[in-house]
Amino acid sequence: MVARAYTVAFHGVEARRVEVQCALSAGLPAFHLVGLPDKAVSEAKERVRAAMTAMGLAMPAKRITVNLSPADLPKEGPHFDLPIALSLLTAMEVIPQEEVQNFIALGELSLDGSTVPVIGALPAAMAAAEADCGLICPEACGAEAAWVGAVQVLATPSLLAIVNHFNGRMVLPPAQAGMVANRGVVPDMADVKGQERAKRALEIAAAGRHHMIMVGEPGSGKSMLAARLPGILPDLTPAEALDTSMILSLAGQIEEGGISRQRPFRTPHHTASMAAIVGGGRRAGPGEISLAHNGVLFMDEFPEFPRQVLETLRQPIETGDVVVARANAHVRYPCRFMLVAAANPCRCGYLPDPSRACSKAPLCGQTYLSRISGPLMDRFDIRIDVSPVTVGDLSGSKVGERSATVAARIAAAREVQARRLVGTDATTNADVDGDLLDRIATPDAAGRELLTRVADKHRLTARGYHRILRVARTIADLSGSDAVSRDHIAEAVAYRLAL
């Protein structure tokens, strides 16, 4: 008899179903685990043995063979402990086969038989829902997995508890979804003194999910402006929240099963490696660009990032996903993010001020910003020169608009875009391309004439031409205009040619 239990192996955000087969045969007592397991999976034998001893069961004095099928799919992580134990208990006729086969199981076992939380409960629950079966997971993962809603989730505190549940000696209550994570304290736009042009540019970028770069002297407020983005961006839709949370689940960054409706705001340091930014490592895990999916990736000191890291951003910015290629795996992660970059004008930072600039000016500025390649700079929709704030602005009593006011305008513009783009793959103006862009962003005659003159004079690339149209469409949405006029084109051109 071959007993079977089911689990999943993670391939990016995809959870692939794995059949755990267990056979007991005559021969010298041994425990063999096959099916391309990694070290953590291979060590499951000892954890399962200790957990069964802790619940008062002796291992059968037979040859135990556990196969993880399909055998050519790499199996990684300790979450295979629980399904291996369930298949063995089924083979020993401790629990009925017909009960176990209706569930996908994952979880690590402690030596005392208790369950230990693992990553990936949310994608596993999605896979269980697609397979029309239930999910067995550690008790600490139940609140996370229950967010799927369309699947029965048994969150067990121990191996003994799930055995008793299947044998009718106790009933595990269905897991309840965790609380929506609190937004927390978000800096307010009213704290920013002056910088009206930069705040306007930030509002446009947030409304259309446009990529933006800010260049200015140290202390001019670039990081301060970017830190206000979480307070003006609209909340994630339920579908976006689930999509983003699946990536966070694989990264082990969902706390207490709570899913946040706030858009991710990732701020990697400029010493981060390529694997940390794009994804990779031993398990080809998600990088910062995927953890920022449906949110913001803020890269301060942009030219200080390694050139190789910066260049890897070019393709994900265009496609909205990234393929992490390794010798034994090609893993795809979604990464539809809004890139906001900040940079000093030169290494010393004071190039615009002759009294404080170094002796290498202006060559130092050209050398410093040339670390950002032309093809990468071409992908920024909005470029803004952030000038230092004057003493008058800092000491003045004028209070700027609060984040809630700005957020209301952005939410209204996003709603207009959502209605316009219903039935398409695009969700914001930044996603629009081809015939759809021509249909929704064609300017009036005066605007078309201006854009043609600018394109000819500054030799705009096709990408630059289309990005101006997208930004102009967003400016029109913020103003409540159905048509794209010359004024909208002029403002979009000003942001495009600012640097």
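Modeller: Let's start at G168, which sits just after helix α7 and takes a positive phi of about 80°. Bear in mind that this is a predicted model, where local features need pLDDT of at least 70, side-chain atom pairs need 80 or more, and totals for chains, interfaces and linings use all residues. Residues are numbered from 1 along each chain as its sequence is written, and side-chain values use heavy atoms, without hydrogens or water.

Helix α7 itself covers residues 159-166; helices here are DSSP runs (H or I, at least four residues), numbered from the N terminus. Most of α7 is covered, with 7 of its 8 residues buried, meaning under 20% relative accessible area with a 1.4 Å probe, protein chains only. The buried ones are L159, A161, I162, V163, N164, H165 and F166. The domain assignment, which is automatic or from a database, puts domain 1 at 2-167, domain 2 at 189-424 and domain 3 at 432-498. The C-alpha centres of domain 1 and domain 3 are 56 Å apart.

C133 is buried at 12% relative accessibility, and C137 is buried at 0%.

Further along, helix α22 (residues 462-479) packs on helix α23 (residues 486-496) at about 125°, axes 8 Å apart. That makes the pair oblique: under 35 degrees is roughly parallel, over 145 roughly antiparallel, 65 to 115 roughly perpendicular, and the rest oblique. Among the residues that meet are I468, L469 and V471 of α22, and I489, A492 and V493 of α23; contact means heavy atoms within 4.5 Å.

Helix α23 also packs against helix α8 (residues 196-208), at about 105° with axes 12 Å apart, so those two are roughly perpendicular. Here R197, R200, A201 and I204 of α8 touch E491, A494 and Y495 of α23. E491 also features in the contact with α22.

Technical notes
Buried < 20%, exposed > 50% of the residue type's maximum accessible area, 1.4 Å probe, protein only. Axes fitted to C-alpha atoms, helices over the stretch in contact; angles between N-to-C directions.
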